[in-house]
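Trainee: Before we turn to individual residues, could you take me through how features of a model such as this one are read?

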Amino acid sequence: MTSLALIIFIQSSRNYDNAHVTKTVSTMSGQVKYIVDALNQTPFNKKYSLIAFDSLDASALKQVLNDVLTEISPEEEMDLREETPDQTAYRMLSLLRVLKYQPEDKSQAGLSNFRQGVVQGSKAVIYHLLQWLLQNLSELKKRAYLAKYLIPIEVPAEILQEEGMEEVYEQYKDLLEQFKSIHKITERNKSSSFSVSEIRRDITSMEEEKSKILKRIERLEKKASDIPNGDKLLEASRRLRKEKNREVELGETLQEQQHDILMAQHKIERLSLHLRDLQSASSGSSVEAITAKLEEENRLNRNLLQETLEKKLEVQSKTCMELESVLSDPATNEADLAKIQEQTDEANREADSLMEKHMAGNDPMMTKLRLFRQQATIIANKRQTAQGNYKSSMDELAQAEAELKAKQEQLKEMGGEMLKEDEFKKYCAKLRSLNNTYKAKKTEVNSLKAECGVLSRTEAVLQLQCSQVKQMYSELEEEGGVIGFNSAQEDLQKVSEIKGEYDGRKEKSLQDMALALEKLNEKIASKKASLAPLIREQRPLKEQDRELSASHAEKKSVYESMSANLESKRAQLEHEVRVYQEECIQLESRYHYLHTMKKVLSVQQQQIATEMKAYTVGEPGKTKTLRDQFTRKIQEQENVGRALKDKKKEVAENHPFAVKQVKMWMDLKKVLECKKICLQQSQVHKAQAAAAQQAILAQEDRLIIS
């Protein structure tokens with residue numbers, strides 16, 4: 001009876017496992033079917049079948065996933081054979097984080113399993129991921145496009161303190177806001193599109209209005225032909241229309257400039273607030289205290305940098321040693337790989353044979369107990385690993401606390417204190433203000449240096465000009481025959497300084513200079529007398545030149561006005577010709593459209609005639625009308641619906657019996673568990689009784705030696 005119950009329980013457990021597996025397989029098959037249908041359509045056009053897609057290995061599945069991600073974001077296009085699996089996983093996970101993908105299991109273990117599944121190309125992970133991507137393809141494309149422009153660039157505070165960087169970062173934020181507003185406007189315009197019928201009605205109404213306007217223009221032209229000075233009035237109206245258009249354009253530019261002024265005012269307010277914050281932060285602080293804090297912070301950063309560099313150097317040295325060991329190993333060839341594959345196949349065959357022997361020599365009761373033992377050992381191993389992880393994490397926590405205490409003690413020995421968040425912000429603000437003052441002083445020094453250079457350059461230029469003037473004076477003296485005039489002037493200055501000693505020489509030099517000046521004046525007068533007839537001849541030529549320049553200016557203005565008038569007429573004629581050409585093209589396109597629609601309607605009319613003829617007088621066996629085809633399809637769908645209803649009825653009838661059978665199996669499981677507990681207790685009692693009996697026998701057979 002016990003063996004019969006055990007057999008029934010094993011059979012029921014197998015049925016339950018088979019049902020669970022069948023449910024999972026059906027879910028996976030539906031998922032695979034959806035993925036294959038989506039990949040076979042545009043824009044992928046893969047031409048997969050269910051069997052071919054299900055038989056893909058891990059690398060091929062990852063390539064399919066990469067193709068789908070490339071369709072979403074074209075920057076992800078990559079041949080997976082050209083990069084390492086870690087790089088591929090990092091690139092895919094980064095894009096999925098941007099697309100806001102959430103795995104089914106959001107716990108820490110579930111996230112680690114998901115990352116491992118992406119790296120290894122697990123079918124369960126890749127299938128779920130592909131289904132989510134293909135279901136939301138258009139939305140994800142839009143999200144990836146927007147993420148490329150809207151994810152802000154994180155700039156460290158140290159770089160923002162550099163000259164000009166903060167202004168550039170503010171411009172970058174303004175451009176982001178402009179992109180958001182423009183994108184919203186485009187989306188609103190796309191969503192508010194008109195229907196085709198409305199556009200056609202608008203086109204017909206516009207054509208009617210155009211014909212009315214043309215007729216009205218013809219009537220007005222006839223009336224204007226009788227009006228005197230009609231051309232001048234038309235020209236005046238054209239100018240008025242141009243001025244009005246220009247007035248509208250000026251109004252638009254005025255609005256744009258007002259908007260720019262508002263933006264500039266907002267920017268000035270923001271910068272003034274920032275300046276006030278910096279000034280308030282820099283007030284009440286001395287240069288010595290700021291320099292002391294800077295030196296202390298520099299010392300702390302140097303110590304931290306040394307420690308981190310030592311750790312990084314140790315890690316890099318370990319990786320280099322590992323890589324050297326890998327490079328030192330001999331390279332494996334195809335023969336070695338074949339030998340290793342043969343060894344693994346032989347080991348698998350031996351394991352299968354041993355398993356078959358072991359299963360053949362055991363009874364079903366022992367196999368069931370062995371399953372429970374295996375589960376118990378697995379749970380014990382998991383418990384041991386969890387305990388090990390807990391111990392390692394506690395050790396790491398203790399080590400981190402010890403390092404924190406050591407760092408705090410080291411900081412106290414150095415005479416410093418840990419800055420709070422508010423104090424650190426004030427300290428950074430003071431540093432920024434000092435940096436700004438330093439930059440201002442530096443610019444002032446640079447301006448002074450530049451001014452000094454300019455002055456030195458002007459001094460050199462003036463000295464050069466002085467030498468040139470002296471040379472020019474010498475040349476003039478040579479031409480005038482009074483060589484040494486400049487030197488004589490210098491001598492006069494020297495003589496004036498030592499006047500008392502050289503009065504006689506001074507009088508003589510003055511007389512000489514007077515004679516020289518008289519001679520020079522005589523030469524100038526003779527030159528003027530020789531140039532007088534030339535000047536008299538030049539005066540009528542100047543008058544002729546003035547008359548010719550006046551006539552030239554008048555004729556030039558007439559030419560320019562005529563050319564402008566002709567140019568405007570030519571532009572107007574070109575515009576009219578262009579308008580007429582566009583009208584001709586539109587009429588031709590409408591003619592071709594109506595002609596093709598006429599052909600389509602004629603073909604449809606012929607098809608209707610043939611259908612009516614086949615329906616009325618045609619033989620039922622030869623030709624099949626559309627009505628027959630649709631009635632056949634309706635009949636097939638009705639048959640399918642009846643079959644589904646019968647299947648639903650059968651399931652509804654068998655459901656209570658199945659529920660009752662499940663309840664009976666659960667009761668049987670409880671009975672077997674109770675029997676198992678009783679059997680274990682009886683074995684324990686038997687073992688205790690046997691131990692007591694052995695103890696009694698041992699006491700009766702004692703040997704006493706006196």
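**Reading the chain, its surface and its residues**

Mentor: Let us begin with contacts along the chain, keeping in mind that this is a predicted model. Among the contacts in the protein chain with a separation of 6 or more, 62% are accounted for by residues 24 or more positions apart.

Trainee: How many helices and strands does the secondary structure of the protein chain come to?

Mentor: The protein chain has 18 helices and zero strands.

Trainee: What share of the 706 residues in the protein chain is buried, and what does the accessible surface come to?

Mentor: A residue counts as buried when its relative accessible area is under 20%. Buried residues make up 12% of the 706 residues here, while the accessible surface of the protein chain comes to about 58900 Å², with 58% of that area belonging to carbon and sulfur atoms.

Trainee: Is Thr-70 buried or exposed, and which residues does Thr-70 touch beyond those up to four places away in sequence?

Mentor: Thr-70, which lies in helix H3 (residues 58-72), has a relative accessible area of 15% and is therefore buried. Leaving aside residues up to four places away in sequence, Thr-70 touches Glu-76 and Glu-77.

Trainee: Is Leu-175 buried or exposed, and how is its place relative to Tyr-149 described?

Mentor: The cut-off for an exposed residue is over 50% relative accessible area. Leu-175, in helix H9 (residues 165-191), has a relative accessible area of 53%, so Leu-175 is exposed. Leu-175 and Tyr-149 are 26 residues apart in sequence, and their C-alpha atoms are 9.9 Å apart in space.

Trainee: Which residues form the positive surface patch, and which form the negative one?

Mentor: Patches of this kind join like charges within 9 Å. The positive surface patch is formed by Lys-212, Lys-215, Arg-216, Arg-219 and Lys-223; of these, Arg-216 is found in helix H10 (residues 196-225) and is exposed, because its relative accessible area is 56%. Glu-249, Glu-252, Glu-256 and Asp-260 form a negative surface patch, and Glu-249 has its place in helix H11 (residues 230-282).

Trainee: Which residues form the nonpolar patch on the surface, and how does Leu-476 count in terms of accessibility?

Mentor: The nonpolar patch consists of Val-469, Met-472, Tyr-473 and Leu-476, which together have about 350 Å² of accessible area. Leu-476 is found in helix H15 (residues 421-480), and its relative accessibility is 46%, so Leu-476 counts as partly exposed.

How values were computed
Residues numbered from 1 in each chain as written. Predicted model: local features only at pLDDT ≥ 70, side-chain atom pairs only at ≥ 80, totals over all residues. Heavy atoms only, no water. Patch = residues over 30% accessible without salt bridge, like charges linked within 9 Å, V, L, I, M, F, W, Y side chains within 5 Å. Areas by Shrake-Rupley, 256 points an atom, 1.4 Å probe, with all protein chains shown as cover. Salt bridge = Lys/Arg side-chain N within 4 Å of Asp/Glu carboxyl O. Lys, Arg positive; Asp, Glu negative; His and termini not counted. Charge placed at Lys NZ, Arg CZ, Asp CG, Glu CD. Helix = DSSP H or I, 4+ residues; strand = E, 2+ residues; numbered from the N terminus. Buried < 20%, exposed > 50% of the residue type's maximum accessible area, 1.4 Å probe, protein only. Contact = heavy atoms within 4.5 Å.
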